[in-house]
Amino acid sequence: VESEIVIAGGGPAGLSAAVAAAESGKGVILLERLDRLGVKLLASGGGRCNLGNALPPSGFMARFGRNGRFMAPALEAAPPEWLRGFLDARGVATEAADGFHFFPKNGRSSDVLNVFVEECRKLSVGIRLSDRLLSAERSGESFRLRTTKGELAAKKLILATGGTAWSSLGGCSHGLELARSFGHSVVKPLPAMAPVLVSDSWAHALSGVSLKDARLSFSTGKKTRFESSGELLFTHDGFSGPAALDISGDLAAACDAAGGPVKLTLQAKGDWGPAEWRAEIDSWRSHEDSKKIARTLLARSLTRSLADALCSLANCPETKACELKAEDRDRLAGILGGTPLDATGAGPMDKAMAMRGGVSLKEIEPSTLESRIVEGLHFAGEAMDLVGPCGGYNIQWAFSSGRLAGLSAAKE
Ligand SMILES: Cc1cc2nc3c(=O)[nH]c(=O)nc-3n(C[C@H](O)[C@H](O)[C@H](O)COP(=O)(O)OP(=O)(O)OC[C@H]3O[C@@H](n4cnc5c(N)ncnc54)[C@H](O)[C@@H]3O)c2cc1C
C-alpha cells in the first residue's frame, strides 16, 4: 500500500497531525501500536484533561526552559485559541474555572479524544490499531515502512510516538529508536513531572505529611537557580505534589549531570526564609510562651511531626524558647528557612507524567518540524526534546506541534 502521509503514534500529536494533513486533502494512515487511541490523553489531568492554560506564547514558551523558543512557529500555526475553538465548534466547550488551567467544561478527557477521532473518520484517515511501526527507511522519493501488520510505503512520515514516561499508559522508546535509525541524535530521556527522590531518612519518616505552600530550590554548578512552589507531599522516598513534579525534570537532569546527589532546599512555609523565621523565633521569647519547648511553639506554624523533625535537625529537640541562645536561634531559623536535603533524582520513569529529553531539536527545522537529516520526515509532540511543567503545557504542545507537522508534511 502506498499512502501519501503515514503517522506513527495515536496520541494528541499524531491525531492533530492526521487531521491537519487530511484537511489539506492528503491520504493519511495513522498507526497506533496499542489497541486504543489517546491512552495518555484519556488519563491526563486525572481524566479531566488539562489541555492548556491562559499564558500568552512568550510566557508559555519560557516555561519549557532554554529551548522554549523552538515552539514559536507551532504555537503560531496552532495557538491555544485554535485548539479551544476546534473543540468548541464540535460541541466540546472548554473553560478555565480557576482563570488559568483550561479543561473541557464537562470534565471529560474522552470528549476531547472523540472530537479528534471523529474528525479523522470524517476525513477518511486510515486508523490502524495494534499496528506498530517497526522500521522505516528512505528509498528514493518515499519511505519503506515495516509494521506489525505488514509493509507500507509513504511519501512523508511523521513520528508522533511520544516519550518513554509511564509505560503502562503507552510510554516507550520505539519512536526514539526509529529517529536514531535515521541518524538523529537523542537527548538522554529522564523523568519529568515525576516524584522527587531524596536520601534523607528523617524526610522519609514524614511520609503522608503535606504542605500547602512550600518551595523547593536548587542551584547547579553554573549557579543557575531552579525553584518551584505550591503543594508538597512527603513520601516514603521523597516528595510528590505540584511543587515536586514541577522541579523534577530539572533536578533529574542536574543529578544526571553531577553523577550523584544534588543539594536541594526546602522552605516549608513558601516565601519564609531565615530572616522571617528568626523574627518569629524571637517573638516566642518575649511571649508568655517563652517557657514552652520550641518544637511545641513551632507546631503552631507547621505540622507537629515536621516541627519535631526540624527542631531535631537544628539540635534543639527539647529546648525551651527562653533557653535558645542567639546561635541556636540562628541555626533553627536557617534550617526552617532553607532545610537542606540530598536529592538523588526523580522518578521512576514509570510514574513520570512526561519525559525530559528526546529527539534533539538541533536536527529539526522549527518552522516545519521536518528533519534536517532526512527529507520528508517530520516530528510532533513529546518525542522531541521539550518538556513543560504541570499545567496543560505538554498537551497543548502536542496538539500544536502535531498540527504544524501535519500541515507541513501535506505541502509538496
Ligand atoms: C498520568 C498522566 C497525566 C497527564 N496529565 C497531563 C495534563 O493534565 N496536561 C498536560 O498537558 N499533560 C499531561 N500529561 C502529559 C501528556 O499526556 C503528554 O505529554 C502527551 O500525551 C504527549 O502527547 P504525544 O501525542 O506526543 O504522545 P502520547 O500521548 O504518548 O502518544 C504517543 C503514542 O504513540 C504510540 N507509539 C509509540 N511508538 C509507536 C510506534 N512505533 N508505532 C505506532 N505507535 C507508536 C504510543 O503507544 C502512544 O499511544 C499527563 C501524562 C500522564 C502519564
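Two strands pair if DSSP finds at least two bridges between them. I needed that before looking at strand S12 (residues 210-219) and strand S13 (residues 225-235), which are joined by eight bridges and run antiparallel. The helices (H or I, at least four residues) and strands (E, at least two) in my notes are DSSP runs, numbered from the N terminus.

**Ground rules**

I'm working with a predicted model, where local features need pLDDT of at least 70, side-chain atom pairs count only at pLDDT 80 or more, and totals for chains, interfaces and linings use all residues. Residues are numbered from 1 along each chain as its sequence is written, and side-chain values use heavy atoms, with hydrogens and water left out.

**Overview**

I found 14 helices and 20 strands in the protein. Its C-alpha atoms fill a box of roughly 85 × 45 × 35 Å along the principal axes. I then checked burial, where buried means under 20% relative accessible area, exposed over 50%, and partly exposed in between (1.4 Å probe, protein chains only). Of the 412 residues, 54% count as buried. For contacts I used heavy atoms within 4.5 Å. Among contacts between residues at least 6 apart in sequence, 72% join residues at least 24 apart.

**The barrel**

In what order do the six strands close into a barrel? I read it as S11-S14-S13-S12-S15-S16, with antiparallel pairing. As a reminder to myself, strands of a sheet pair through backbone hydrogen bonds, either parallel or antiparallel.

**Zooming in on S12**

S12 also pairs with S15, antiparallel, over three bridges. I traced Leu216 both ways: its bridge partner in S13 is Ser228, and its bridge partner in S15 is Leu266. Further along, Phe218 stands opposite Phe226 in S13. The hairpin of S12 and S13 has five residues between the strands, and there Lys223 takes a positive phi near 70°.

Not counting residues up to four places away in sequence, Ser217 touches Arg225, Phe226, Glu227, Ile247, Lys263, Leu264 and Thr265.

I looked up the nonpolar cores next: each is a set of buried Ala, Val, Leu, Ile, Met, Phe, Trp, Tyr and Cys residues joined through side-chain atoms within 4.5 Å. The largest has 84 residues, and Ile7, Phe116, Leu145 and Leu157 have the most contacts inside it. Its largest share, nine residues, comes from helix H14 (residues 393-410). A second, separate core has 45 residues, including Val262, Trp277, Leu310 and Cys316.

What does Phe116 touch? Leaving out residues up to four places away in sequence, I get Leu15, Ser16, Val19, Trp82, Leu83, Phe86, Leu87 and Phe399.

H1 gives Leu15, Ser16, Ala18 and Val19 to the contact, while H6 gives Leu113, Phe116, Val117, Glu119 and Cys120.

**Two last stops**

Ile29 lies in strand S2 (residues 28-31) and counts as buried because its relative accessibility is 10%. Its C-alpha atom is 8.6 Å from that of Ala8, 21 residues away along the chain. Leaving aside neighbours within four places in sequence, Ile29 is in contact with Ser3, Ile5, Val6, Ile7, Gly126, Arg128 and Leu152.

In helix H7 (residues 174-181), I noted His174, Gly175, Leu176, Leu178 and Ala179 as buried. The buried residues of H7 pack against S7 (133-139), S9 (150-159), S10 (186-192), S17 (354-359) and S20 (377-379). Just after H7, Gly183 takes a positive phi of about 95°.
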